[in-house]
Amino acid sequence: MKSLLILVGFVLVLATGTSAAGPPDADVRFATFNASLNRSTDGLLTVHLSDPNVDDQFRNQAKNIAEVVQRVRPDVLLVNEFDPLDNDAAAPGPEDLFRDNFLEVSQNGAQAIEYPYAFIAPSNTGVPSGKDLDNSGSVGGPNDAYGFGIFPGQFGMVVYSRYPIDYDAVRTFQQFKWKDMPGNLIPTPFYSPDEVDVLRLSSKSHWDVPIEIGGKTVHFLVSHPTPPVFDGPEDRNGRRNHDEIRFWADYVSPGKSGYIYDDRGENGGLKPGELFVIAGDQNSDPLDGDSIPGSIQQLTEHPLVNAKLTPASAGAVEATTLQGGANTTHRSDPQFDTADFADGAPGNLRADYVLPRKTLQVVDAGVFWPLQSDPLSRLTGVFNGSLWGQVGGFPTSDHRSVWIDVTVPSVK
């Protein structure tokens, strides 16, 4: 195994092995999965992933998540809500431990999967801002961090790939300031001028991870905008969610991306014609929930985005019927839901997206949400606090894995 460590600012990258990608004529599967692999204290995820032989909710959840990945078998995968570890770079991080101890080990007969390449970097979550961002009268705690979190990196993310990652060309936008987006929706006077000066746009981060596929580069544009709730009439989280989504809409539009700068100080977005796939838990349903109307449409209706084939599942339709509640009043088609939220409010929503450029033909797509009659429904389940309360009430997550198969022009 070959290890590669690249330090860009405070960005930590770990990659091992050689390319294990599919044959040159294969379509490429991109996926996102908010796997709820977050823990209550710093380093606890690393502890849990270090010993897969312990029989508890934490390890069983990780095994179930690994099995979902093995069943879906994406070539390029974003995992949201994955806690990174700020420690000695020589020690295996959670991204390595999850790969080595779970993904590369068959779970319940599913074929093990190898990802020779991985990328992980810091998140704004839990990083103290030094300001009273929630106007509580005191400074400190998760609500006053640049992104909600108990400790730095909580609810972070990681990218796995079977194709090579161009590490030298990776761009991160963790420190991009919200005020530097023209026409931003920052709620003032809720935020004072000195707070506006330090606010960061990304609640976690935005990453441009270039994937090398058959001689072409596909920019995997990943993020996890804040949920548009847990605030007041100022709608600070809804406004931030809108602008976090807008960031990628501007980034892929050469005429609108001039204001953007990355963590190395380089300006601009993608060049005309560059290939991309936007992925992540966007926390925004087209018609339901609490996001600002039109938020996700900034991507789904973008002139450069291919949104003709929407990932769907029969399990989501069944869940809407069985769970009722807020689901009965929803306007969005339930087959497109990707998250099993509380039945009273907001109900199940489409929150997770994988959106390619129009020049990438989508040949298939789906959401891993089996019918309850399917034996694999044990991996998604329904909320059960007594069985899975330590990991959020589900055998994996309240989100479902979403995937698309695209034909990269040089590959097929």
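1. Two strands count as paired if DSSP finds at least two bridges between them. Helices (H or I, at least four residues) and strands (E, at least two) are DSSP runs, numbered from the N terminus. With those terms, Leu77 stands opposite Tyr160 in S6, and Val79 faces Val158 in S6.

2. On the basis of the numbers: this is a predicted model, in which local features need pLDDT of at least 70 and side-chain atom pairs count only at pLDDT 80 or more, while totals for chains, interfaces and linings use all residues. Residues are numbered from 1 along each chain as its sequence is written, and side-chain values use heavy atoms, with hydrogens and water left out.

3. The six-stranded sheet is open, with mixed pairing and the order S5-S6-S4-S3-S13-S12. Strand S5 (117-120) and strand S12 (361-367) are its edge strands, each pairing on one side only. From one strand to the next the twist averages 15°.

4. Within that sheet, strand S3 (residues 28-37) and S4 run parallel and are joined by six bridges; Asn34 has Asn80 of S4 as its bridge partner. S4 pairs with strand S6 (residues 157-161) in the antiparallel sense, over five bridges. Seven of the seven residues of strand S4 (residues 76-82) are buried, so S4 is largely enclosed by the rest of the structure. Buried means under 20% relative accessible area, exposed over 50%, and partly exposed in between (1.4 Å probe, protein chains only).

5. Helix H3 (residues 94-103) lies across S3, S4, S5 and S6, at about 50° to S6. Axes are lines fitted to C-alpha atoms, for helices over the stretch in contact, and angles run from 0 to 180 degrees between N-to-C directions. Contact means heavy atoms within 4.5 Å.

6. For helix H2 (residues 57-72), 16 residues at 1.5 Å each should span 22 Å, and the end C-alpha atoms are 22 Å apart, which agrees. The expected span is 1.5 Å times one less than the number of residues. Of the 16 residues of H2, 13 are buried, so the helix is largely enclosed by the rest of the structure. At its start, a side-chain oxygen of Asp56 comes to within 3.3 Å of the backbone nitrogen of Phe58. Just after H2, Arg73 has a positive phi of about 60°.

7. A second open sheet has five strands in the order S7-S8-S9-S10-S11, again with mixed pairing. Strand S7 (171-172) and strand S11 (352-356) are at the edges with a single partner strand each, so one side of each lacks a neighbour in the sheet. Strand S10 (residues 275-281) pairs with S11 in the antiparallel sense over five bridges, and Gly280 has Tyr353 in S11 as its bridge partner.

8. Helix H5 (residues 236-251) lies across S7, S8, strand S9 (216-223) and S10, running at about 45° to S8. H5 is mostly covered, with 15 of its 16 residues buried. Asn241 is found in H5 and is buried, with a relative accessible area of 0%. Leaving aside residues up to four places away in sequence, Asn241 touches Pro225, Thr226, Pro228, Gln282, Asn283, Ser284, Ser291 and Ser295.

Technical notes
A polar contact is a pair of N or O atoms within 3.5 Å; within protein, one must be able to donate a hydrogen and the other to accept it, and residues adjacent in sequence count only if both atoms are side-chain atoms.
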